[in-house]
Amino acid sequence: MTVSLDAQAVALVLGLFGTVYLYQASKKKQGGLPLPPGPKRLPVIGNLLDMPKGREWLVYEEWGKKYNSDILHADVFGTHIVVVNSAKAANELFDKRSTIYSDRPTLRALTSILKLEWVLGFIPYGQHWRNVRKGFHMHFHPAATLNYHPIEIRATSRLLENLLEEPVKFMDHLRTMAGEIILGIAYGIDVKPRDDPFVDTAEKTLHSIALGATEGSIFDLLPALLHFPSWFPGVGFKKEAQKWIPYNIGMVEDPYRRAKELLAEGSPTESVVSVAINQLRPGEDEYMAKHVPANMYLAGADTTVSALGTFFLAMSLYPEAQRKAQAEIDAVIGNERLPDFSDQDSLPYVGALVKEVLRWRQVVPLAIPHRLTEDDVYEGMFLPAGSIVFGNSWAILHDESVFPDANSFKPEHFLDPSVKYPEAAFGFGRRICPGRFMARASVWIAVACMLATFEITKARDENGKEIEPRDEYTSGIVSYPVAFQCQVKPRSKAAEAVIKSSAPLA
Ligand code: HEM
């Protein structure tokens, strides 16, 4: 939770008048039990001034060390914030007590202001969430995701072809690839090789979510601000949001309309929309047919891009890991064809490298905040109902006792069979990412094929000197590597030939 300085000042003044009552109420009976440790609270504003201004997961990890606890507490104007920093506590709370840890906080900037109340990740726990999640699960359970392998292979082949043509634009090509997969599955739409309008609209919506999750969090601390005019200091986000709303609506409407047109034109391509529309009974509401695929499109595109961006960064910083993975591919597959899903079991180092990509730098480092719906007690500490609960995937996947030298990229972390899949990268309990099986497959095939065909190294300046890539990430729900350069070259003439021969027809 990050709050801008301007908003902090306004919150301070308003808070003094408006939230004393709330704060008093929040101090209600704890049965004599202490809250989890955390920074010292000031009267009324609590920890407002301690709250991180960005990359919160790192700050919360530090708090864990400072207060020697795997569970932490802060409060801002009486809103309790609980951070879960260990796999043990995450399992105990999010999994074993999932009935009371599966709700979401209101996230007013995202739902009320940006009109994103249809986003599954923001829907409160209850029947509506269950219905949408069920609609999702139908298409993304492990067996269903096998059907998407051909789309993933095709999009990966196009990615390789694009990398061959314009290697410096590797991030753009990753976006096209992820868009091609998810728009194909959800809508049966073929994206343009570059600058696709559907991919572009999704980018804008994702950007608005990043803004809403940071600049807009003030509206969750002080909901009364929602009713203030947008010229009021600290409330400017309401005005800023207006320019993003058309994209957020377009993201649902535009691809759905296009998919219906394709269906009317007799397109044979099956998609989530085509199945849903064909199953609609006369007069039945189109909500699910429209919003389930929109959720796929929103949640599925840029998460994959962030993970694969991390792959490029890791390969340029850790050439030894790249060499080992390539040696394995050369020995098992040779250089006359691309790796396929059927090769997964024979490429254990590549599999470990993919897991390390998801562990080393996370796509969603604090998951999406959960909300505790009843008072609870964990190891003698009181956790109040209504708390916003962050599962700190970052801290869990950088636990030195499980991943020694955790800040280094070492696929070897996963060669030890006792170390499990980095599941925390996909969140917790009943809200765990429903797209994870497909995400794992998309990332695996892209990584295996890129390793087979390209050498990724640090870029060089005009004097031939290596440029050190920035190992920096953005803040927000989804975190991306900040733009960096690297050199992407085909490994050999044979690799080039394989790319060209496997390229899909335009
Ligand atoms: C590498 C790729 C991905 C990563 C690392 C990832 C990670 C996550 C995480 C951490 C959460 C939050 C879980 C929680 O709150 O505890 C989440 C939620 C979600 N993810 Fe993913 N995700 C990825 C790809 C995908 C894909 C491809 C899809 C769909 C096609 C998807 C759909 C969703 C949805 C719908 C939610 C919200 C679930 C809910 O609130 O019930 N994700 N994801």
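Q: What order do the strands of the open sheet take, and how is the pairing described?
A: There are 4 strands in this open sheet, running β1-β2-β6-β3, and the pairing is mixed. β1 (71–76) and β3 sit at the edges with a single partner strand each, so one side of each has no neighbour in the sheet. Two strands pair if DSSP finds at least two bridges between them. The element names come from DSSP runs numbered from the N terminus: helices are H or I, at least four residues, and strands are E, at least two.

Q: What sort of model is this, and how are residues numbered?
A: It's a predicted model, where local features need pLDDT of at least 70 and side-chain atom pairs count only at pLDDT 80 or more, while totals for chains, interfaces and linings use all residues. Residue numbers start from 1 along each chain as its sequence is written.

Q: How do you know that β1 and β2 count as paired?
A: The cut-off is at least two bridges, and β1 and strand β2 (residues 79–84) have 6, in the antiparallel sense. So they pass. Among the bridge partners, Leu72 goes with Val83 in β2, and Ala74 goes with Ile81. The two strands make a hairpin with 2 residues between them, and Phe77 in the turn has a positive phi of about 50°.

Q: Which helix packs on the sheet, and at what angle to β2?
A: That's α4 (residues 87–95), which touches β1, β2, β3 and β6 (388–391), with its direction at about 125° to that of β2. Such angles run from 0 to 180 degrees between N-to-C directions, with axes as lines fitted to C-alpha atoms, for helices over the stretch in contact.

Q: What makes β1 "largely enclosed"?
A: A residue is buried if 20 or more other C-beta atoms lie within 10 Å of its own, exposed if 12 or fewer, and partly exposed in between, with C-beta atoms placed from the backbone. In β1, 6 of the 6 residues are buried, so the strand is largely enclosed by the rest of the structure. Both faces are covered: Ile71, His73 and Asp75 on one side, Leu72, Ala74 and Val76 on the other.

Q: Why is Val478 put in its burial class?
A: Val478 has 20 other C-beta atoms within 10 Å, so it is buried. It lies in the loop between β7 (454–458) and β8 (486–490). Contact means C-beta atoms, placed from the backbone, within 7 Å. Leaving aside neighbours within four places in sequence, Val478 is in contact with Leu206, Asp302, Thr303, Ser306, Val363 and Val364.

Q: How do you know that the span of α17 agrees with its number of residues?
A: The expected span is 1.5 Å times one less than the number of residues. For the 13 residues of α17 (residues 348–360) that gives 18 Å, and the end C-alpha atoms are 18 Å apart, so the two agree. α17 is also mostly covered, with 12 of its 13 residues buried. Those buried residues pack against α15 (287–317), α16 (319–333), α18 (393–397) and α19 (436–453).

Q: What about α15: what should its residues span, and how far apart are its ends?
A: The 31 residues should span 45 Å, and the end C-alpha atoms are 46 Å apart, which agrees. With 27 of its 31 residues buried, α15 is largely enclosed by the rest of the structure.

Q: Which residues come nearest to the ligand?
A: Ala299, Gly300, Gly427, Cys433 and Gly435, out of 29 around it. A residue is near if its C-beta atom, placed from the backbone, lies within 6 Å. α15 gives the largest share of that shell, 7 residues.

Notes: Contact = placed C-beta atoms within 7 Å.
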